[in-house]
Every structure is written in structure tokens, then in C-alpha cells.
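The tour below goes from one selection to the next and says what is to be found at each stop.

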Amino acid sequence: MFTEIRGLNEECGVFGIWGHTESAQLSYYGLHALQHRGQEGAGIVVTDGNSLRPIKGEGLVNDIFNEEKLRAATGHAAIAHVRYPTAGGGGIENVQPLLFRSSTGSLAIAHNGNLVNANHLKQNLERSGSIFNSTSDTEVVIHLIKKSSHSPFRAKVKNALSLLKGAFALMILTKDMMIVARDRNGLRPLSLGKLGDAWVVASETCAFDLIGAEYVRDVEPGELLYITNNGIEVDRITDEVAAPRAMCAMEYVYFARPDSNIDTVNVHMARKRMGRELAREVAGIEADVVTGVPDSSLSSAIGFAEESGIPYELGLIKNRYVGRTFIQPTQELRERGVKMKLSPVVQVVKDKRVIMVDDSIVRGTTSKRIVRMLKEAGAAEVHVMITSPPMTNPCFYGIDTSTSEQLIASSHSVEEIRVAIEADSLTFLTPEGMVRATARPFNDPNGGLCLACFTGEYPTEIFSDTVLPHEKEC
Ligand code: SF4
């Protein structure tokens, strides 16, 4: 999934393994499975019990690592990260895991998510003498750990993490411990698995499947795990009463791989149910064929077709070999980029009333291009079905959804958006339909989903100086 044409930038992916002699190689495979979460850069930091050794670079996982580098990185534990492209530019210094060497003990950190109080924490740290090299939240966490007056090291980490507000799925590696933590709302996914006697942690369970690891459970919101040669110790970041769960709904709609399970709910099945819900919400619509915008909407298009009885067809094909090089800033080149990336199957859509299922509308420009593409291929009508509600608010938790002004639904009615994207009809899934479709096994509000970009009800405090994800590093 290369998301630049969608207006939604994916976040990052983290992976960690403790207790395996091939930790670097397995991390490499883990990152492969998580590649869809970030294509800008990737890194692995390995420990052999004596020191920490990084390998990292810019680009895709395959471009960065090779057999020689991985073989040289011997060790029994590793943490790893894939990073998404940011508007503020890249640079190897921003590729995680970040490694901090110190006479009191080196540590590496990998993080997915966005802190809403990072600016506030950073200003306090700067006032007490800390110097920052990047705009990354990760560096704030490191300074908080290093500055903490608590002791021993575990207490420092716990104290530092207790000050963080917002979204984080985080891993810290020292020469003799791996620490895993998840924010108190569980906004970003993080799962725990086992590979033989080794512990494995990953943003998505598809990473476990690729290396043959077994899923154990999801890391609980607010949980802090210490993994050492003595096993796993479970703690909580704070003793506060647990906050309501608020897993990012867009993970189910768009970001996560269909073969991943989040909180035991399979993403493909959730998407199929979203398609079914939509079909029920527009009952009676007349059309000849249902098609999905690849890849994320194929599952929901199948669900829509099953529920409506309208045949599912491959009306749009994705060119899988278009790489990062087509991320082009100008409108004209972007236009060409979409055509390079998606093609209509004329024989499927010509003279047909087409239902086009897609996951979201951010700015509306991509939807308009795809509708036009289908009509140019001869579609008689194009009815757009979106498997999420109108996105009216920005995300402060790590998804680069753009600012409110750039979100077409923040200033346009559904009918106005329909006209703008040149569709014959436009339907969005209701928040209730989305919650039902995910079928999460929790009693928390919205089934423990964050719906803030649709409802404006943020599960955490938002500060006046909270920085949006696209303004800083992952
Ligand atoms: S605001 Fe939207 S994109 Fe951000 S975490 Fe919540 S559901 Fe996900």
C-alpha cells in the first residue's frame, strides 16, 4: 500500500524479539511483514548482551538490509522499526530505532504513535538543559528517561512513560532487557507472541505469521512489559484507573493488513462486515457490478457484493511495481501517478452501473480521479460507497490525515462531496455501522474504538500546542 495518493499517510511499525540467536534475521522478516506501515526508512538494533549494534537506512526493507549485514549483527535480541514518509523530510538521523550511547548504559528505542503533550514536555526539558537533535517524540522519551530522578532503570522508564499523553506503542532495548509499552487508551496496536522460547512483539500479527511465531495476546492498554532472560514481568505505566480503550478505527478500515488480527478481530473479516453494513444501509440500490479500490477496499467490496447480491468484479487493478519514485509534488504529476498506479478493467465496467467501494475520502481529489477513470472506461454510473464515516477532524495520534481545512468533509456536505467527486451517488458508513462491523469483544464506548476523526470526540486531552503527525517525525 503506497498511500500518498490517498491523502492518508500511514504510521510506523515496530517489531521486537528476545531470546533467539537469529534475532536480526527474524527482525528483517518481521519488518517485511510491516512494510505497508512505512516505506521511508527502516532499522534494526541488536544486542548480544554486551553492546547494542544498529543497522538502518532510508528506503524499503529490501534495499537496506542484506545477508552480510544481518549475519554480522549477531545477538539474542533486537528491536526494529519501519518509518512512514513525512512532509518535513527524512534523513537517516530520523530512522528508528534511535540509539543513545551513554556511560550509564546505552539504549535503543522504537516508537509508533504521536504524543499530544510532546511540545510541553520538550519545553520543560529544554528549560532544564536538554538539547534536541530532531522533532521526534522518541527523543523526548529518551530525555525523560535520562533525566528521571527515579531509580533503578525500570523505575526511570516507568516514571518517564507516566508523563506521556497520546498514542504510543513503544519498545526499548538495553543490553539485558527489552521493555514494551502501550499507551493507556491502546490507540496503536501491539501484539505479543512466542517463537519457541523467544518472545516476539509486533505492531501487527501478520509479522508473527511470517516468521512462524504463535500469537499469545495483545499488549494491554497502559501495560508495561519487562522481558529479560528470566522471562516476562508485567507492570502498568501508572496506577491510575484504566482509561477507556480507544483503538484507532482506521487500522481496521485501512491501515492494517487484512491477515492481521487486532484485539483478536481479523481485519479482512471486519472489512467484509463493513461492506455488508454499507449494503444494508443503502438497501435497494440498483447496480450491475461491485468493485473495490485495491488493496484495502477489496475485502469490503466482497462483503458488499455478498450482502446486496450484486456481483463482485475486479474493476480496478493496481500496478504493484510502482515504487516510491512516483511520489511527486505537482498536481499534474500526481494525476499521472494515479493513472500509473490504478487501471480500470474496461470489459468489467463498460456500460455498467458500478458500485465503487473505497475506505475513506480525505481531500476528495483521489476519489474524483478514480470516478473519472471508471467513467472514461465506459461506466454508465458510478456509485461511491465509503466504509468509514465522513472524516471531519484531524488525527493527533499518529495518522497523517491532514489538517481540518484539507479534509473535504469538514466543510462540505455529503451531497457537496458527491458533486465534487463527480459520483452518481455517495454513501458513507455510519459510525454505528462501523462499530458493529468491527465486532470488538469489549464493553467500552464504541467497542473500544477511537472514532475521533469522524466524531471530534478525542479519547485524550488535546493541548493548544499539540503538533499534528505530519509536522514531525513518527
Ligand atoms: S483520530 Fe482517527 S485516525 Fe486518529 S487514531 Fe482516532 S480513529 Fe485513528
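**The ligand and its shell**

Begin by colouring helix H8 (249-255) and helix H16 (452-455), each of which supplies at least two residues of the shell around the ligand; helices here are DSSP runs of H or I with at least four residues, strands are runs of E with at least two, and both are numbered from the N terminus. Before going further, note that this is a predicted model, in which local features need pLDDT of at least 70 and side-chain atom pairs count only at pLDDT 80 or more, while totals for chains, interfaces and linings use all residues. Residues are numbered from 1 along each chain as its sequence is written, and side-chain values use heavy atoms, with hydrogens and water left out.

Now select Cys-248, Ala-249, Met-250, Cys-395, Tyr-397, Ile-399, Cys-450, Ala-452 and Cys-453, which surround the ligand, a residue being near it if one of its heavy atoms lies within 4 Å. Sorted by class, this shell has 9 nonpolar, no polar and no charged residues, where Ala, Val, Leu, Ile, Met, Phe, Trp, Tyr, Cys and Pro count as nonpolar, Asp, Glu, Lys and Arg as charged, and the others, Gly among them, as polar.

**The annotated cysteines**

UniProt positions are given in the numbering used here, with feature names shortened, and the annotations may be inferred rather than shown by experiment.

Centre on Cys-248, which lies in strand S14 (residues 247-248) and is buried, with a relative accessible area of 9%. Buried means under 20% relative accessible area, exposed means over 50%, and partly exposed is in between, computed with a 1.4 Å probe on protein chains only. Not counting residues up to four places away in sequence, Cys-248 touches Leu-187, Arg-188, Ile-399 and Cys-450, contact meaning heavy atoms within 4.5 Å. Cys-395 sits in the loop between strand S21 (381-386) and helix H14 (414-421), and Cys-395 is buried as well, with a relative accessible area of 10%.

**Two further annotations**

Select Cys-12 next, where UniProt, again in an unreviewed entry, places the feature "active site". Cys-12 is found in the segment before strand S1 (13-18) and counts as buried at 0% relative accessibility.

Then move to Ser-296, Asp-358 and Asp-359, which a UniProt "binding site" annotation covers, also from an unreviewed entry. Although these residues are spread over 64 residues of sequence, they cluster in space, with a largest C-alpha distance of 7.8 Å. Asp-358 belongs to strand S20 (residues 353-358) and counts as buried at 1% relative accessibility.

**Rings and charges**

What describes a pair of aromatic rings? Such a pair is described by the distance of the centres and the angle of the planes. Rings of Phe, Tyr and Trp (its six-membered ring) pair if their centres lie within 6.5 Å, and planes under 30 degrees apart count as stacked, over 60 as edge-to-face and the rest as tilted. By this rule the count comes to 5 aromatic pairs. For one of them, select Tyr-28 and Phe-65, whose ring centres are 6.1 Å apart with planes at 75°, so the pair is edge-to-face. Tyr-28 lies in helix H1 (residues 23-33) and Phe-65 in the loop between helix H2 (61-64) and helix H3 (67-72), so the pair ties together parts that are 37 residues apart in sequence.

For charges over rings, show Arg-154 with Tyr-226, where the charged end of Arg-154 is 4.5 Å from the ring centre, and Lys-194 with Trp-199, where the corresponding distance is 4.4 Å. The criterion is that NZ of Lys or CZ of Arg is within 6 Å of the ring centre and within 35 degrees of the ring normal.

**An enclosed helix and a backbone check**

Finally, select helix H5 (residues 137-147), in which 9 of the 11 residues are buried, so H5 is largely enclosed by the rest of the structure. For the backbone, inspect the peptide bond from Gln-96 to Pro-97, which is cis with omega near 0°, and the one from Pro-294 to Asp-295, which is cis with omega near -5°.
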